[in-house]
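Please open the structure in your viewer and keep the selection tool at hand.

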Amino acid sequence: MTNITKGLEGIVALETKISFIDGEKGILEYRGINIELLAEQSFDIVAYLLLHGEIPSMEDAHRFSKLLKTKRDIDAKTKSVLNLCNFNIEAMDALRTAVSHMSHCDPDLNDNSLDANLRKATRLIAKFPTIVAGFQRVREQKKLIEPDSELTHAGNFLYMLRGEKPNDVETRIMNADFVLSAEHELNASTFSTRVTVSTISDLHSAIISGLGTLKGPIHGGARLAVMNMISEIGTADKTEEYILHLIKNKQKIMGFGHRVYRTMDPRAKIFKKMAKELAEDNGDMNWYQIGEIMEEVITREIVVKKGKPIYPNVDFYAGIIYKYLNFPPKLATAIFAIGRISGWLAHCLEQYADNRLIRPRAKYIGEHNKRV
Ligand SMILES: CC(C)(COP(=O)(O)OP(=O)(O)OC[C@H]1O[C@@H](n2cnc3c(N)ncnc32)[C@H](O)[C@@H]1OP(=O)(O)O)[C@@H](O)C(=O)NCCC(=O)NCCS
C-alpha cells in the first residue's frame with residue numbers, strides 16, 4: 001500500500017455512461033452527444049437525457065417539462081426556513097439548508113427504489129431555481145415571485161429572481177449556462193454524491209454532499225471568485241497590471257486551470273461567445289474585454305513562457321456572463337448548482353443501480369504504540 005496519488009489525480013475509480021471527457025482535445029459529451037450540439041437544447045431535454053440516457057421523444061419531453069413545471073413551488077415551511085437564514089450567507093448555504101429541510105417532508109425520503117428516486121429527482125430539479133431566487137428575494141426584503149408555468153426553466157428562474165420577464169437573449173444564455181453546467185464526469189462534487197449514495201444513504205443527503213463540495217473556491221465557488229476579481233480589476237486598462245501582480249506573487253488565477261483539460265475547456269469556448277453576445281446586447285464591452293486581456297496575458301506569461309496548460313475553465317466566462325446578467329456574486333455558486341443537480345442525480349441513479357461501497361485506504365504515517 002505505498003502508491004499514493006495525491007488528489008486521486010488520473011485515478012479511474014468507476015465506469016460511467018453519463019459523460020465523456022477528452023482532456024487533451026478539449027471534448028465533452030453527455031451520453032455520447034457533444035456539448036456543442038446540446039448548448040442550445042432546452043435544459044429540460046438535457047436533464048431528461050442525463051437521467052434517462054436518451055434524448056426524449058416529443059411526447060416524453062412534453063410530459064417531463066410539464067412535470068417539472070408542476071413541481072416548481074416550494075411549501076410555506078421551506079419559505080420560512082429561507083427567512084430564518086442569515087442574509088449575509090452565500091445562496092449556496094441557504095440552498096443546502098432548504099434541501100435538508102425539504103427532505104424532512106419528502107414522502108419518499110428513505111425509499112431508494114428507482115421510481116421513488118426519479119420522483120425525488122424531479123422535485124429537486126424543479127425546486128432548485130425557486131429556492132435560489134426565493135432566498136435572494138427574501139434577503140433583498142422583496143416579495144417572493146410565484147413560478148410562471150408559461151416560462152422555461154431558465155426564463156422562469158430569471159423572472160422569479162427579478163420580478164420581470166427576461167428578454168430572449170438572456171433566457172437563451174441562462175438556459176445554456178444550466179445545460180453546460182449540468183454534468184462533468186467524476187468532478188469533486190459528483191464524486192462526493194456517489195460516495196454518499198454508495199453507503200445506501202438517501203438522495204437528499206447525496207445532494208447536500210454535492211452542494212457542500214461544489215461550494216469550494218477551487219471547484220464551483222470559482223465563479224463567485226471570478227466575479228469578485230473582475231469587479232476588483234474594474235476596467236480593461238487595469239487588467240494586465242493586476243494579472244502580472246498575481247503571477248509574480250505565484251497566486252492562482254480564478255477561472256483558469258483544470259485537473260483534466262490540457263487545452264481550453266470546451267464549455268469556456270461556448271461561454272466566451274455568449275459573453276461577447278451579452279456584452280454587445282448590453283452595449284458595454286468592459287467585462288468581456290477584461291476577460292480577453294486576462295486570457296492574452298495568462299497565455300503569454302504562463303502557457304508560453306512557463307509551458308503550463310493554464311487556460312480558461314468553465315467558470316471564467318460563466319462568471320463574466322453572470323456579471324452581465326447582474327447577479328450578486330453570492331448567488332453565483334447556487335446558480336451553478338441549478339444546472340449541476342441534474343448530473344449529480346444521474347450519477348446517483350447510476351451508483352444505486354450497480355453499487356459497491358466506495359471506501360479507499362489511507363497510508364498511516366503517524367507514530368505507533370504511544371503511551372497515554
Ligand atoms: C482547478 C485546479 C484546482 C486544478 O488544479 P490541479 O490539477 O490540482 O493542479 P495544481 O493546483 O497542482 O496546479 C498545477 C500547476 O499549475 C499551476 N496552476 C494551476 N492552476 C492555476 C491557476 N489558476 N493560476 C495559476 N497557476 C495555476 C499551479 O501553480 C501548479 O504549478 P507548479 O506545478 O509550478 O506548482 C487549479 O487549476 C485551480 O485552482 N484553478 C483556479 C480555481 C478554479 O478556477 N477552479 C475551477 C475549476 S473548473
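A polar contact is a pair of N or O atoms within 3.5 Å; within protein, one must be able to donate a hydrogen and the other to accept it, and residues adjacent in sequence count only if both atoms are side-chain atoms. This is a predicted model, in which local features need pLDDT of at least 70 and side-chain atom pairs count only at pLDDT 80 or more, while totals for chains, interfaces and linings use all residues. Residues are numbered from 1 along each chain as its sequence is written, and side-chain values use heavy atoms, with hydrogens and water left out.

**Stop 1: the ligand**

The shell consists of 15 residues, and the closest are Lys 252, Ile 253, Phe 256, Arg 259 and Lys 308. The side chain of Lys 252 has an N or O atom 2.4 Å from an oxygen atom of the ligand. At Ile 253, a backbone N or O atom lies 2.7 Å from a ligand nitrogen atom. A polar backbone atom of Phe 256 is 2.8 Å from a nitrogen atom of the ligand. Taken alone, the ligand exposes 850 Å² (Shrake-Rupley method, 1.4 Å probe), and the protein buries 67% of that.

**Stop 2: the largest pocket**

Where does the ligand sit? It sits in the largest pocket, meaning that more than half of its atoms lie within 2 Å of the pocket's grid points. On a 1 Å grid over the protein atoms alone, a pocket is an open set of points with protein on both sides within 12 Å along at least five of seven lines, and a cavity is a set where a 1.4 Å probe fits but cannot get out; lining residues have an atom within 4 Å of a point. The largest pocket holds about 1,700 Å³ of space. It is lined by 48 residues, and those closest to its centre are Ile 218, Gly 257, His 258, Arg 259 and Val 260.

**Stop 3: the cavities**

The structure holds two cavities of 30 Å³ or more. For the largest cavity, with a volume of about 90 Å³, select lining residues including Asp 73, Lys 79, Arg 137 and Glu 146. Helix H6 (residues 114-139) gives the most to this lining, with four residues; helices are DSSP runs (H or I, at least four residues), numbered from the N terminus. Finally, turn to the second largest cavity, with about 40 Å³ of space. Its lining includes Gly 257, His 258, Tyr 261 and Asp 265.

Terms used:
A residue is near a molecule or strand if one of its heavy atoms lies within 4 Å of it. Grid points are joined across faces, edges and corners, and a volume is the space filled by probe spheres set on the points. Helices (H or I, at least four residues) and strands (E, at least two) are DSSP runs, numbered from the N terminus.
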